[in-house]
Amino acid sequence: DDDDDDDDDAVKSPRLPSSSSKKQRHKQQQEGQWFIPQFPIYRSPTCEFVMYEIVQNTTDNKDVSSATTTPPQLHYVTSTGPIHITSVSQPTGVHLSATANHTQMRVSFTTGGEGTPVAYFGTHDPPTTRAVGTSTTYQASDLCGAPANVTEAGKFSSPGRLHTVLLTELLEPNTTYYYKVGLEHGQGVVWSPVHSFVSPLPPGDASSFSYLVYGDQGVPENGWGQGAAWTAALAAQQLPEIRAVHHFGDLSYARGAAHVWDAWLTMIEPYASRVPYHVSVGNHEYDYDYDGNGNSVVIDENDNNKDPSGANEHGYHPDWGNFGNDSGGECGVPTAKRFTMPNSTLSNGVFWYSHDFGSVHTLVLSSEHDMSPSSRQYRFLTHDLAAVNRTLTPWVVLEIHRPLYESEVKWDQNAVGIAQRFEIENVLFDYGVDLVLSGHYHAYLRTCDGLFRNRCHSGGPMHITVGTAGAHLDQESLYETQWTENYIKETYGYGKITVANASSMLFEFIRAGAQDEDGTGEVLDHVWLKRDR
């Protein structure tokens with residue numbers, strides 16, 4: 001590495017992971033297999049390794065044909081005894097988010113142990129302005145069901161302490177600020193490295209800017225190969241050009257395996273610590289159901305609803321839907337605890353909210369919640385769109401995990417999109433939404449512009465699916481439509497939006513791959529959105 005470590009302006013871009021051998025890659029991608037490339041982050045001051053022997057019990061019956069087999073048992077063999085861990089206060093998973101105030105930035109991070117979260121920030125390195133934050137956490141009992149709330153190996157493990165610090169009075173917009181975070185406690189402070197970010201563009205600023213968009217990422221630990229790592233490494237190489245990353249659902253795919261959250265946040269930290277990383281929930285963050293006995297899984301002994309979105313006691317399960325237990329019982333709790341999104345009128349944390357950046361108003365909805373006209377989310381949608389100042393923010397972009405228009409041959413999924421289209425498509429038309437971004441389908445698909453009620457160039461938005469950030473890829477064919485303009489399958493990648501001015505926006509789909517693979521970083525599709533304003 002020839003970079004000068006003292007050069008504050010140098011961007012340390014990570015190298016793209018190399019491709020595995022064909023045999024190893026196939027093995028990693030087998031469905032349901034765990035791939036753990038390194039020891040997971042552990043938040044307690046001690047840990048202990050225990051060895052068990054798997055014993056298969058078979059009845060002692062000489063007639064083999066009538067012998068019965070019971071589930072295998074784990075028999076204790078030996079253990080190491082307590083091992084003391086000295087780095088539990090090291091900040092990890094550092095990530096930024098904007099607020100409704102363009103003179104602020106929020107930084108979140110994780111440690112073990114108790115203490116006071118602090119940050120130093122300023123326009124020079126080392127930063128000197130001090131800010132104090134708040135901390136939270138969650139327990140297995142806070143989650144809605146299994147396996148997330150099961151306290152055994154591979155399922156629930158303590159997330160440690162989850163901290164957030166608000167950096168205020170960033171007096172200069174579009175200016176580089178430096179910061180570091182740490183946890184003050186009796187042993188002093190273990191600091192993060194010094195990171196930097198560029199303060200947000202205020203609403204109405206007509207400057208050109210770019211940001212990345214995608215859904216459905218996960219980590220190699222999910223057993224899907226290196227796609228997520230390739231996407232993350234390539235995204236980091238877009239610094240310092242990009243100003244934000246928007247991830248519309250299916251984030252880590254932890255699904256109850258808590259250490260996967262740490263692995264995912266570590267993977268995205270090289271760029272999530274430099275630009276706002278805004279998220280929304282997908283089915284793998286939120287969807288949950290009754291337990292196996294038909295009992296509610298989210299009402300505790302004090303009649304408290306564990307669902308942080310405030311929904312009813314068994315999630316969202318309309319007759320036309322396929323909403324199951326895809327979060328593994330997490331029901332949005334880890335997402336809501338780890339991320340704080342901008343507040344807006346009638347917003348609901350990570351579930352639905354909106355924010356402005358320069359000339360773009362972004363509206364985030366949850367496809368995993370009720371959007372019918374009588375719902376809280378519908379009221380938020382209509383109120384928010386009615387309040388948009390199209391002089392300040394002429395571009396309006398909607399992000400929602402499940403697409404309203406998709407032509408892959410997945411009929412149960414398509415039925416959900418059609419039903420949700422009936423609920424909100426008229427609203428998007430009435431208020432002139434320009435672009436709808438989604439994931440959920442693990443492929444890239446772009447519709448025609450102006451799509452409304454299955455007709456192109458009819459005054460509606462363009463719809464783009466970008467569910468290609470790392471999850472196992474789709475191989476489905478398409479059914480025939482007049483509105484599908486481009487479909488790319490079996491290819492990892494992300495979307496890049498460049499806002500040129502009030503009337504022109506460029507969308508590009510960029511291929512992610514291993515460093516030694518041809519085509520990595522290639523633009524596979526692009527389209528200009530043009531508006532007469």
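Begin by selecting Asn-414, which counts as buried because its relative accessibility is 5%, under the 20% limit for that class. The model on display is a predicted one. Asn-414 lies in helix α7, which spans residues 411-430.

The side chains of Asn-414 and Tyr-441 are joined by a polar contact of 2.5 Å. To complete these surroundings, show Glu-406, Glu-408 and Tyr-479 as well: together with Tyr-441, they are the residues in contact with Asn-414 once neighbours within four places in sequence are left aside.

The tour now turns to the nonpolar cores. Select Trp-264, Tyr-271, Tyr-277 and Phe-339, the residues with the most contacts inside the largest nonpolar core, a set of 99 residues. Helix α3 (residues 259-272) supplies the largest share of this core, with eight residues. Centre the view on Tyr-271. Beyond its neighbours within four places in sequence, Tyr-271 is in contact with several residues, among them Tyr-214, Ala-232, Leu-239, Val-245 and Tyr-277.

Finally, display the open sheet of four strands, ordered β5-β6-β10-β9 with antiparallel pairing. Strands β5 (92-97) and β9 (134-136) form its edges, each pairing on one side only. On average, neighbouring strands of this sheet are turned by 20° against each other, direction ignored. Select β9 together with β10 (residues 161-167): the two pair in the antiparallel sense over three bridges. Which residue in β10 is the bridge partner of Ser-135? Selecting His-163 shows that partner.

Key: Residues are numbered from 1 along each chain as its sequence is written. This is a predicted model: local features need pLDDT of at least 70, side-chain atom pairs count only at pLDDT 80 or more; totals for chains, interfaces and linings use all residues. Side-chain values use heavy atoms; hydrogens and water are left out. Buried means under 20% relative accessible area, exposed over 50%, partly exposed in between (1.4 Å probe, protein chains only). A polar contact is a pair of N or O atoms within 3.5 Å; within protein, one must be able to donate a hydrogen and the other to accept it, and residues adjacent in sequence count only if both atoms are side-chain atoms. Contact means heavy atoms within 4.5 Å. A nonpolar core is a set of buried Ala, Val, Leu, Ile, Met, Phe, Trp, Tyr and Cys residues joined through side-chain atoms within 4.5 Å. Two strands pair if DSSP finds at least two bridges between them. Axes are lines fitted to C-alpha atoms, for helices over the stretch in contact, and angles run from 0 to 180 degrees between N-to-C directions.
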